[in-house]
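Trainee: Hi! Could you walk me through this model? I'd like to start with how strands get paired up.

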There are 2 protein chains.
Amino acid sequence: MERQQVKNESITSRDVDFAQWYTDVCKKAELMDYSSVKGFIIYRPYGYAIWEQIQSYLDKKFKQTGHQNVYMPMVIPESLFNKEKEHVEGFAPETLIATQGGKEKLDERLIIRPTSEVLFCEHYAKIVSSYRDLPKKYNQWCSVVRWEKTTRPFLRGAEFLWQEGHTVHATESEARQETLTILDIYATLGKELMAVPFLQGRKTDKEKFAGAMETYGIEALMYDGKSLQSGTSHYFGTGFAEAFGISFQDRDNTLKPVHQTSWGVSTRLIGSLIMVHGDDNGLVLPPLVAPIQIVIVPIQMNKEGVLEHARALADELSAAGYRVHLDASDQTPGWKFAEYEMKGVPLRLEVGPRDIQNGIVVASTRHDHKKANWNRSEVVSSIPALFKEIHHEMYQKAVNHLQSHIFPVANIDELTKAVQSGYAKTMWCGQQACEDKVKELTSATARVLPFDQKPHAETCAICGKKATKVIYFAKAY
Amino acid sequence: MERQQVKNESITSRDVDFAQWYTDVCKKAELMDYSSVKGFIIYRPYGYAIWEQIQSYLDKKFKQTGHQNVYMPMVIPESLFNKEKEHVEGFAPETLIATQGGKEKLDERLIIRPTSEVLFCEHYAKIVSSYRDLPKKYNQWCSVVRWEKTTRPFLRGAEFLWQEGHTVHATESEARQETLTILDIYATLGKELMAVPFLQGRKTDKEKFAGAMETYGIEALMYDGKSLQSGTSHYFGTGFAEAFGISFQDRDNTLKPVHQTSWGVSTRLIGSLIMVHGDDNGLVLPPLVAPIQIVIVPIQMNKEGVLEHARALADELSAAGYRVHLDASDQTPGWKFAEYEMKGVPLRLEVGPRDIQNGIVVASTRHDHKKANWNRSEVVSSIPALFKEIHHEMYQKAVNHLQSHIFPVANIDELTKAVQSGYAKTMWCGQQACEDKVKELTSATARVLPFDQKPHAETCAICGKKATKVIYFAKAY
């Protein structure tokens with residue numbers, strides 16, 4: 001009985017109601033909880049710990065590539081916010097605004113940052129004056145507020161955690177290179193840490209960031225066939241620099257505006273981890289991002305020696321650098337099995353009196369539900385290869401799912417069908433009218449213009465005119 | 001010429017105008033800058049990097065002692081904020097309030113968190129129901145907003161960065177122990193990382209936190225003889241638990257309220273680093289907290305081989321795990337010397353053509369302005385002992401300064417004199433009237449009731465009645 005795998009009935013099946021499954025997992029795996037303000041969630045320890053793994057990975061990469069962390073104010077004076085026209089139009093409808101300080105009405109309304117471009121611009125205008133001051137490559141870890149009507153945990157929230165990088169450069173080519181360097185870091189994060197393959201490419205003018213000349217994005221395909229924009233990297237040209245007066249004396253003694261970028265990923269990435277890897281028993285986490293990598297469940301805990309044996313195993317694994325949790329609570333083993341399956345812990349080790357006698361440990365892997373007996377003496381040495389294998393298998397499964405859900409389409413009917421379950425790889429004339437038409441007819445949107453622009457047909461799948469671009473359409477979160 | 005130490009004339013001397021010296025150092029060492037909203041500062045890379053060292057140290061200690069990180073919303077509905085009477089009275093006058101979301105006026109005003117007790121309480125009330133759920137020991141890293149009239153960089157700001165821990169326990173003794181465990185972690189942070197000795201003790205009822213039964217604090221003595229409250233740890237009893245309904249079914253099947261704590265340190269700690277260790281040339285940082293531990297300044301950089309030699313040295317030191325900066329910019333060595341002195345870099349290494357020929361490196365230590373020739377081959381191996389020595393000397397100097405500025409006083413005249421330059425160690429009757437009188441006459445306030453309560457007289461230094469307590473008074477930031 002004790003060792004039987006218990007199907008978790010407390011969550012909806014993915015194929016019955018995917019949206020409900022998602023919310024169930026968010027709550028039951030204790031990733032988050034709702035607060036009393038709509039759209040503002042509580043990042044519970046287990047959810048926050050996933051974010052900490054992502055942070056730690058990215059922060060190291062950012063620093064290795066010459067970025068420095070800073071912290072800017074969380075409020076923006078309304079007049080400053082209004083300085084760049086396109087930008088303010090993009091964000092103004094969804095801002096939270098403070099109007100009162102202590103007992104007094106504020107002289108100027110303060111916008112709770114929805115993003116910090118204008119704050120960085122104002123600061124850069126003060127501290128940049130010579131080519132010697134360039135580049136400046138700053139990043140900040142913070143939360144931002146977007147006053148959204150419809151919210152979903154991690155995917156769209158009134159407040160979310162993110163990093164926002166903001167850089168200024170002497171030349172266009174250097175700034176453009178920065179934008180792509182960061183996109184590559186994001187894609188590598190997906191591949192190396194999250195076991196999530198991202199589609200990469202450029203955004204259309206319609207979909208790009210408010211104020212950007214070029215936006216690049218990473219997109220991941222969810223289990224339900226929808227795409228999740230998981231990060232963006234923008235090249236601003238000199239637009240902000242001219243609006244905010246960020247210029248520098250170059251080596252040739254002329255005054256030039258800087259070339260600027262910004263880029264960010266957020267706690268949305270947790271959403272993609274859930275929806276790419278999760279199954280009907282809950283979360284499934286790849287080992288590197290998992291807050292608990294190994295859970296140890298003692299069987300017949302009251303029998304002499306069992307708990308001591310389990311503790312020794314936990315200590316040994318901790319000492320080897322793994323994130324281990326020994327659950328010595330008075331819950332039943334069955335309850336514990338379901339609990340840590342729900343939480344997506346990659347590896348479960350069970351030890352009971354007979355196992356101890358036989359010198360073995362029962363090892364179960366979360367992603368493939370396999371069980372095996374390991375020699376107790378080989379536990380620690382088995383793990384590096386196992387974790388590599390788990391990561392590889394999860395990544396490969398996600399790659400297969402992605403690749404088998406990219407459908408080259410020749411006309412609007414095929415496109416409409418394709419976006420029911422994945423990406424419509426579409427030849428496009430480049431006109432926004434056709435992009436608009438796709439959205440109107442299918443509710444799918446342009447996700448990216450992939451870097452690989454090899455055409456598979458000559459005419460636009462929407463209007464039939466000459467095609468100039470390869471583009472991916474999909475329904476999106 | 002090149003090797004001459006340049007007195008930095010760009011900052012005021014400490015003894016001429018300490019407040020101006022402080023602001024000069026904050027700005028010139030590039031720790032911060034002002035934003036366009038009063039009291040909201042920009043944490044520049046060098047200042048933020050100090051905070052990252054403090055974070056990294058504390059985060060590890062918190063996790064080792066069983067704490068978990070979470071993230072709560074940055075806004076608090078006004079009705080929730082008003083639930084605990086003393087607490088709201090303490091904070092309401094200095095809150096920033098949002099009243100507008102998008103185009104609409106909010107149904108309920110939202111307070112930008114000045115501290116998050118009520119948010120944790122609301123969450124704990126939802127997730128705690130059994131003794132099995134206890135203790136919960138949560139911490140969060142975030143910024144908070146206090147709408148202060150008078151602000152100073154790091155010391156008192158409209159927005160500052162901090163950590164706030166919030167824990168709930170089954171018993172009073174466990175909660176009280178938690179409060180002291182954290183106080184000890186803070187004190188150890190001072191001693192081990194910052195080389196700052198803290199006075200520790202309990203706060204008087206007048207000075208304790210709004211809503212707390214007991215507040216403990218750490219205080220540091222600044223160069224100018226004022227005390228800086230650098231961290232606090234509170235025991236709340238069951239007051240919040242009763243206001244918010246946080247109760248649990250105990251093993252004996254009765255329903256009990258939890259016992260609660262909260263505690264925090266902030267970017268104020270950067271202020272104490274500046275004012276405890278700084279000198280007339282700028283910042284002086286102990287090695288463990290310094291963002292740059294070693295700066296390498298090449299001399300006659302254009303001479304063949306100099307830059308290569310400097311790079312090899314930098315690489316070797318980086319590989320050994322040190323935070324090294326090679327300044328290969330086209331500024332003069334004199335400029336660089338002043339710059340990194342201003343930034344308080346503990347160790348400067350110079351290499352010029354003659355040094356290379358002689359197989360030496362010129363090493364200068366920031367805290368004592370000493371210079372020595374080191375054999376090139378012994379550089380890396382010399383540093384561990386040197387850094388230990390620097391840390392020890394800086395700590396000992398601060399301890400001596402502290403101890404020589406604690407003055408046992410017998411009456412109000414002696415007290416008045418003592419608080420001109422440090423702490424008045426005072427016998428006190430325990431009446432708030434006397435505490436008030438000290439403030440009125442001297443502007444000094446009660447800092448702590450030290451744990452060591454050994455009396456040095458029998459009567460209250462203020463009123464002459466029977467003394468029951470030892471207390472430290474000082475002027476404070």
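Mentor: Happy to! Two strands count as a pair if DSSP finds at least two bridges between them. Keep in mind that this is a predicted model.

Trainee: Got it. How many bridges join β5(A) to strand β5 of chain B, and do they run parallel or antiparallel?

Mentor: Five bridges join β5(A) to β5(B), and the two strands run antiparallel. As one example, Ile97(A) stands opposite Gln100(B) in β5(B).

Trainee: How many residues does each chain bring to the contact?

Mentor: Chain A gives 45 residues and chain B gives 45 residues. On the side of chain A that touches chain B, the largest share comes from strand β5 (residues 96-101), with six residues. By type, that side of chain A divides into 24 nonpolar, twelve polar and nine charged residues.

Trainee: Nice. Changing topic: is helix α8 of chain A enclosed or open, and why?

Mentor: Helix α8 (residues 268-277) of chain A is largely enclosed by the rest of the structure, because ten of its ten residues are buried. Among them are Arg268(A), Gly271(A), Met275(A) and His277(A).

Trainee: What counts as buried here?

Mentor: A residue is buried if 20 or more other C-beta atoms lie within 10 Å of its own.

Trainee: At what angle do α2(A) and α8(A) pack?

Mentor: Helix α2 (residues 45-64) of chain A and α8(A) pack at an angle of about 105°, and their axes are 10 Å apart. That makes α2(A) roughly perpendicular to α8(A).

Trainee: Which residues make that contact?

Mentor: From α2(A) there are Gly47(A), Ile50(A), Trp51(A) and Ile54(A), while α8(A) brings Leu269(A), Ile270(A) and Leu273(A). Sorted by type, the residues of this contact are six nonpolar, one polar and no charged.

Trainee: Let's pick a single residue. Is Phe248(A) buried or exposed, and why?

Mentor: Phe248(A) is buried, because it has 21 other C-beta atoms within 10 Å. You'll find Phe248(A) in strand β12 (residues 247-249) of chain A.

Trainee: What does Phe248(A) touch?

Mentor: Leaving out residues up to four places away in sequence, Phe248(A) touches several residues, including Val128(A), Tyr131(A), Leu134(A), Ala170(A) and Val258(A). His169(A) is 79 residues from Phe248(A) in sequence, yet their C-alpha atoms are 9.8 Å apart in space.

Trainee: Last one: in what order do the strands of the five-stranded open sheet in chain A come?

Mentor: The order is β16-β15-β17-β18-β19 in chain A, and the pairing is mixed. At the edges are β16 (324-326) and β19 (370-375) of chain A, each of which pairs on one side only. The twist averages 25° from one strand to the next.

Trainee: How many bridges join β18 to β19 in chain A?

Mentor: Six bridges join strand β18 (residues 360-365) of chain A to β19(A), and these strands run antiparallel. To find that pairing in the viewer, look for Ile360(A), which stands opposite Asn375(A) in β19(A).

Technical notes: Residues are numbered from 1 along each chain as its sequence is written. Chains are lettered from A and ligands numbered from 1 in the order in which they are written. This is a predicted model: local features need pLDDT of at least 70, side-chain atom pairs count only at pLDDT 80 or more; totals for chains, interfaces and linings use all residues. Helices (H or I, at least four residues) and strands (E, at least two) are DSSP runs, numbered from the N terminus. A residue is buried if 20 or more other C-beta atoms lie within 10 Å of its own, exposed if 12 or fewer, and partly exposed in between; C-beta atoms are placed from the backbone. Two residues are in contact if their C-beta atoms, placed from the backbone, lie within 7 Å. Axes are lines fitted to C-alpha atoms, for helices over the stretch in contact, and angles run from 0 to 180 degrees between N-to-C directions. Angles under 35 degrees count as roughly parallel, over 145 as roughly antiparallel, 65 to 115 as roughly perpendicular and the rest as oblique. Ala, Val, Leu, Ile, Met, Phe, Trp, Tyr, Cys and Pro count as nonpolar, Asp, Glu, Lys and Arg as charged, and the others, Gly among them, as polar.
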